[in-house]
Amino acid sequence: SALKVIGITGNIGSGKTRIAHLFYKNGCAVIELDKLGHHLLEQQPYKKKILQTFGKYVFDDNNNIRRSKLRKIVFSNPDLLEKLNMMIHPALIKELIRQLDLLKKKKNVKAIVVDAALLFEMKIEKLFDFIITVYTNKLLSYWRLWKRRKINFFEFLNIYSSQNDPKDKRQRSDMVIYNHLGWKFNRRKLEKIVKSILASLK
């Protein structure tokens with residue numbers, strides 16, 4: 001039978017990327033949707049569109065997009081976020097489907113995992129056999145991001161509120177993983193969960 005495709009979603013700072021990595025360590029292929037998106041933004045046609053819509057401000061001296069600046073702009077303005085998404089999401093979905101088709105032919109992979117914060121927002125649920133939402137309370141999400149990127153609280157709130165309500169995500173998932181504890185306490189429990197999911201999808 002074809003390889004199963006697992007989607008992992010959750011709001012910013014929920015820890016979904018770490019959980020995706022646990023699947024990777026257990027023999028799965030992992031696609032990070034964010035990285036595919038960044039890759040698109042490095043391509044000339046998209047750079048041109050971004051320049052036309054957002055101006056020189058979001059570029060550095062080497063004509064590369066500064067994602068931190070782009071983030072600041074789009075997450076403080078829902079209309080601009082919508083514009084950016086309409087620019088990039090169709091191509092991103094196409095590229096995701098292309099990568100899934102390539103990976104499905106692989107023999108030595110247990111499952112394919114897609115780490116996708118905007119899984120529901122992009123309306124790509126149909127691509128998955130199993131959807132996991134990783135849930136963390138808002139303050140802990142912020143703390144994790146602050147440690148990683150020194151992101152300020154208002155920027156965090158803008159990003160957080162641009163994503164679908166976590167409650168809605170939880171209701172539409174096959175499984176919810178509550179990731180409230182620190183990684184040290186949580187890793188064993190999460191590893192067990194990952195192994196049991198992989199066993200159940202055979």
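Why is strand 4 (residues 130–135) largely enclosed by the rest of the structure? Six of the six residues of strand 4 are buried, so the rest of the structure largely encloses this strand. The model described here is predicted.

The burial of strand 4 can be followed residue by residue. On one side lie Phe130, Ile132 and Val134, and on the other Ile131, Thr133 and Tyr135. These residues are all buried, and both faces of the strand are therefore covered.

## Neighbours of strand 4

Strand 4 pairs with strand 1 (residues 5–9) in the parallel sense, over four bridges. Within this pairing, isoleucine 6 stands opposite phenylalanine 130 of strand 4.

Strand 4 is also joined to strand 5 (residues 175–178). Four bridges link strand 4 and strand 5, and the two run parallel. Here isoleucine 132 has methionine 175, in strand 5, as its bridge partner.

## Helix 2: a buried side and an exposed face

Helix 2 covers residues 33–41, and its buried residues are Leu33, Leu36, Gly37, Leu40 and Leu41. Around the axis they cover an arc of only 145 degrees, so they sit on the same side of helix 2. The face turned away from this buried side carries Asp34 and Lys35, which are exposed.

## Helix 3 against helix 5

From helix 3, the contact is made by Tyr46, Lys49, Ile50, Thr53 and Phe54. From helix 5, it is made by Leu80, Lys83, Leu84, Met87, Ile88 and Ala91. Sorted by class, the contact of helix 3 with helix 5 has eight nonpolar, one polar and two charged residues.

## Lysine 83

One of the contact residues, Lys83, is found in helix 5. Is lysine 83 buried, partly exposed or exposed? Its relative accessibility is 47%, so lysine 83 counts as partly exposed; the exposed class begins over 50%.

Lysine 83 and asparagine 108 are 25 residues apart along the chain. Their C-alpha atoms are separated by 40 Å.

Terms used
Residues are numbered from 1 along each chain as its sequence is written. This is a predicted model: local features need pLDDT of at least 70, side-chain atom pairs count only at pLDDT 80 or more; totals for chains, interfaces and linings use all residues. Side-chain values use heavy atoms; hydrogens and water are left out. Buried means under 20% relative accessible area, exposed over 50%, partly exposed in between (1.4 Å probe, protein chains only). Two strands pair if DSSP finds at least two bridges between them. The arc is that of the directions from the helix axis to the C-beta atoms. Contact means heavy atoms within 4.5 Å. Ala, Val, Leu, Ile, Met, Phe, Trp, Tyr, Cys and Pro count as nonpolar, Asp, Glu, Lys and Arg as charged, and the others, Gly among them, as polar.
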